[in-house]
Amino acid sequence: QVQLVESGGGLVQAGGSLRLSCTVSRSIFSINILGWYRQAPGKQRELVARITSGIDTYYTDSAKGRFTISRDNAKNTVYLQMNSLKPEDTAVYYCNVVVAGLGYWGQGTQVTVSS
């Protein structure tokens, strides 16, 4: 099985920064797709950022220029650096990996940005 554990969430003021971490229970060396999603109460879960084994990245429009996704294969960890945080970034953030066509999710970490 594949297990993911997120950490690094918390409460910050607008303009602040957080660095989220996602540790995977297996090697991520051969995993092509890893990403971060978020879900606010009453809203659909949305893709925030994605990174491939080729280190190509994708960011949703609201995250471009503020968030950076990266991976450390030696540590089996995916990161999401979030800068210039806004109240609208408030949500539970989830790590996701795709293995053999199946998606796996962590339990999520809460990010709250105050005005």
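Student: Why is N96 called buried?

Tutor: Buried means under 20% relative accessible area, while exposed is over 50% and partly exposed lies in between (1.4 Å probe, protein chains only). N96 has a relative accessible area of 5%, so N96 counts as buried. A word on the source: this is a predicted model, where local features need pLDDT of at least 70, side-chain atom pairs count only at pLDDT 80 or more, and totals for chains, interfaces and linings use all residues. Residues are numbered from 1 along each chain as its sequence is written, and side-chain values use heavy atoms, leaving out hydrogens and water.

Student: Which residues does N96 touch?

Tutor: Contact means heavy atoms within 4.5 Å. Not counting residues up to four places away in sequence, N96 touches L4, I33, L34, G35, Y37, G103, Y104 and W105.

Student: What makes C22 and C95 a disulfide?

Tutor: The definition asks for a pair of cysteine sulfur atoms within 2.5 Å. For C22 and C95 the S to S value is 2.1 Å, and a disulfide joins them. The link is left-handed, with -85 degrees about the S-S bond.

Student: Why does this pair tie together parts that are apart in sequence?

Tutor: C22 lies in strand β3 (residues 18–24) and C95 in strand β9, so the pair ties together parts that are 73 residues apart in sequence. Strands here are DSSP runs (E, at least two residues), numbered from the N terminus. N96 is also placed in strand β9, which covers residues 91–99.

Student: How do you know whether C22 and C95 are buried or exposed?

Tutor: C22 has a relative accessible area of 0%, so C22 is buried. C95 is also at 0% relative accessibility and therefore counts as buried.

Note on methods. Helix = DSSP H or I, 4+ residues; strand = E, 2+ residues; numbered from the N terminus.
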